[in-house]
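Open the model in your viewer and keep the sequence panel in view. The stops below are given in the order in which to select them.

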Amino acid sequence: MRTDMKRLIFLLLLASCSLLPITAQSVAAFQKGDRVTFVGNSITDGGHYHSYIWLYYMTHFPKIRLWMANCGVGGDTAKDILARFDDDVLTKNPSVLTFTFGMNDSGYYEYNGADSADFARRKLEEAKQQFALCEEKLKSLKGVRLVMIGTSPYDQTSTFNNDIFAHKNDNMQRVISVQKEAAKRNGWEFLDFNTPMVALNKKMQESDPNFTLIGSDRIHPDNDGHMAMAYLFLEAQGMKGKKVADMELDAAKGKATKAENCRISKVKQTEGSLQFDCLAESLPFPLDTIAHGWGFNHGAAEVTKTIPSFIDDLSDEHLTVKGLQVGQYELSIDGTIIDTLSSTALSNGINLSQYRHTPQYQQALAVMALNETRWDVERRFREWAWVNYDFMMPAGHLNDNSEQGARKFRELSKDNAWLASKRGTYEQMVRPEVREAYKQEMDLLVDRIYELNQPKKHTFLLKEIDFAAPAAMEKTGNVRLLYWNIQNGMWDGQQDDYLRFTSWVAEQQPDICVWCEAQKLYKTGTADSERETEQECLDRWKRLAARYGHTYIYLSAHPDNYPQLITSKYPMENEKLISGNADTIVCHGASWYKVKIGKKRLNLVTLHTWPQGYGFKVPADKRNESRANFDGDKFRRAEMEYICKQTILSHPKAEKELWAMMGDFNSVSRVDNSKYQLPEDSPKFLVHDFIREQTPYEDLIKTLYPGSVVSSTGGGSRIDFMYLTPPLRKRVKKAGIVNDAYTKPVRSPQKISNFWYPSDHLPIIVDFAL
C-alpha cells in the first residue's frame, strides 16, 4: 500500500510539471554503420516513432549513415514475436535491437468484466512466461546490443468517449516492470515510453479532458504521439540540446565569436548591414504537418502543443548577433526574406528552426519527404509480414510463393474480412521479384537521402530597415494614434495601479488610443479570475485615461470578455456597437466611432476576431475535425464580412473619406506569404483576401514596408493590422511598431498559460497630418 502511494505521488508530481516530465533514462547513441531493428506489435508496425528517430539522425548526423527497420506485426504478443523472430528479425542482421510488447499480451475486454482482477493476474503471468522464452532467445544473440522498450500506454484517462478498459494500463505497467528487471539482469538498456506519456496525457487533460496522444482507439498513438516517443528515445540518447548550429557574431567588430557545429566565413560589416556565410554540420529536424498512416488525424508537428520546448530541444539552429545599432533588421538567407527582427531579439538569439521557409529547412523537408516515401514502401513489407506470420505460417505455408500457398490464402480469407482486405498486397508481395524490386526502391531512396541531406553553405544578410519606432521621435503630424492589444486588461498593471502603463502612454503623446482586450480578467501573476466587479470597470478607465490626458472614452460591444476600448483627446461619438445578429456572431465584438478633429471626421473601426483554429462554439470532441476543415478561418471570414457591411461598406463614398480599421485579426495575409509559405489556396488567407478584394482599405504597414513582414507579436506572425482608406493613408507621416524597454514582451516567469509582461503584443503608433 505504501509503495502504491509513493508511485501515485510520483505520477502526480510528473503530471504537475509544465515541461516534459521525463525520468532519467539512458540509451547509447547509434554509431555509424549500425543496423537497428525495432521489434514490436501494431504500434511499431503501423507507427512512425522509429522513422522519426531515423529522420533525426538523417538530418542531425548526415555523415553518420545508419540503417533501420520496422519489425512490428499487428496483433503480436511476446509469443508471436518469438515465433517469427528468426525469419523476420535475425535475417536483417541487426547490430542493435529494440524490443517492445505488452499491449496485446495484457488483454482487452475482460477488464470490464466481473473477474477483472483475476483476469489481470492471469494475463500478467502469461506475459511473464512468454517473455521468459523471448529472454532466453535474446540472451543467445551475439554482437547485438539490446534495448528493452516499455510500450506506449493504453489511454484509460481521456474522456473523449466512455469505451474504456478500466485499469488495463496499470497491468501493462506491471509487464513493463518485468522487462525492466530482465534488462537489469542481463545488462541490457531500458527505456520506458509508458510513464512519461501517461504524465503528458494527464497534464494536457487538465485543461482538455478529451485530449489524448494515443488516438481514437486508446491503443495506437497518433503521429504527434509517435513524435513524442521519438523525443523520449532521442532524449535518452543525449540528443536534447545538441545544436543544429550555434552562430554568434559581434556586428560592431565584424567577426564571429562562436561557431558550434558550423563554420562561419566571409563576415562583412557595413553601416546598417552584416553579411556572412555559414556551413552547418546539421540540418533542422523537420516536423510534418500532414497526418500520415491509416486512421491517424494529427501531423507530427502537433507534438509542440504537448511538448512546447520540442523544437528548441531537438532542433536549435541558433543565431545570435550582438553589437547591432538599435533598430529593426531584415534577415535574409540566400536572398530569401526570413523575418524582420529587432536588434534586441537578435542580441538575445533566435532559433531559425522556427522558420519553415529557410533554405536549410526546405532541404530538410525534402529529406523528410523521401523518408516518408521509404516508410510507405516499408509498410508493404509489414503488411506482407502480417499475412505471412499470422496466417500462412500457422497453416504450414510460411514464405510459400507457390500456387498452393495462394490457394491457402484464398481459403483463409473467405471467413476473415481483415485478411481479405490484404489480397492486393498479398498478390504483389507473394512474388519474390516484386519484393526484391521494392527492396531496391528503398535502398535507392536511402542512397538519395544521404546525398540530399549534406548541408550546404548559406549566405546570411542582416539589413537595417527604416522602421524606427515613432515613440522615440518627435511627433511628425498633428494627430497620433496608438493601437495596442494589452492582453487581459494589461494583466501585469495591477501591481502598481497601472502607473508604469499610463506613464509610458503619456510619454508617447497619443491623441487617440485603441486598446484590445481592455477588460481585466485575471489577478496579477496568476491565472485566478479577477472579481467580477473589477473586470469591466469604465470608472477605472476614465481615471487611467485622465492620467495621459484623454477625456473621451467608449467601450466596444463584446459578446464575451475581450472588448476594445477607445480613448481620445478629441470629441467623439459611438456610431455603432457591433456584436452580430442571429446569423453572424462577432465573438469579441467590434465598434465604429467618429472622432471630430477640427473640421475633419475620422471614422475608426475597432475589432478583435475569433482566435481559434476550430469554429465558434464547436464542442471539444469535434474540434480536431473542425480545425482540419479550417472552420476557424471560415468563421473569421464571416465575422469580417459582417463588420465591414455594418461599417465601411454601408457608406457608398467611403473610399473618399477618412477611415481606419484596426485590431487583432487573428489571421494572416497572403501579402506576407514569403514568410509563411502556405499554399496559394489556403483558407488562412480568407479574412484579408475579403478586405483587399471587397473594400477600399489599404494595409498600412505593408504599404510602408513592402519587402518586410513586420510582426507585433512574439511568435513572429503578423496578426495585428491597421487598414486605411487611400485619403487617410496619404496623410500618414510615420508609422511603426514600438519595441522598447517597457513594451518588449517577457514571458511570465510562472509560465502561466500564454501570459506575458506587459503584453503578448507590441503597440503600433501612427502619426497623421490631418
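The tour covers a sheet, the helices on it, and then the nonpolar cores.

This is a predicted model.

Start with the open sheet of 5 strands, whose order is 2-1-3-4-5 and whose pairing is parallel. Select its two edges next: strand 2 (67-72) and strand 5 (189-192) each pair on one side only. Across the sheet, neighbouring strands are turned against each other by 20 degrees on average, direction ignored.

**Strands 1 and 2.** Select strand 1 (residues 35-40), which pairs with strand 2 in the parallel sense over 6 bridges. Within this pair, glycine 40 stands opposite glycine 72 of strand 2.

**The cores.** Which members of the largest nonpolar core touch the most other members? Select Ile53, Tyr57 and Phe310, out of the 85 residues in this core. Helix 12 (residues 359-392) gives the most to the core, with 15 residues. Apart from this core lies another, of 31 residues, including Leu658, Ile701, Met722 and Phe768.

**Last stop.** Return to Phe310 and show its surroundings: leaving out residues up to four places away in sequence, Phe310 touches Met227, Tyr231, Phe285, Leu287, Val303, Thr304 and Ser315.

Terms used: Residues are numbered from 1 along each chain as its sequence is written. This is a predicted model: local features need pLDDT of at least 70, side-chain atom pairs count only at pLDDT 80 or more; totals for chains, interfaces and linings use all residues. Side-chain values use heavy atoms; hydrogens and water are left out. A nonpolar core is a set of buried Ala, Val, Leu, Ile, Met, Phe, Trp, Tyr and Cys residues joined through side-chain atoms within 4.5 Å. Buried means under 20% relative accessible area, exposed over 50%, partly exposed in between (1.4 Å probe, protein chains only). Helices (H or I, at least four residues) and strands (E, at least two) are DSSP runs, numbered from the N terminus. Contact means heavy atoms within 4.5 Å. Two strands pair if DSSP finds at least two bridges between them. Axes are lines fitted to C-alpha atoms, for helices over the stretch in contact, and angles run from 0 to 180 degrees between N-to-C directions.
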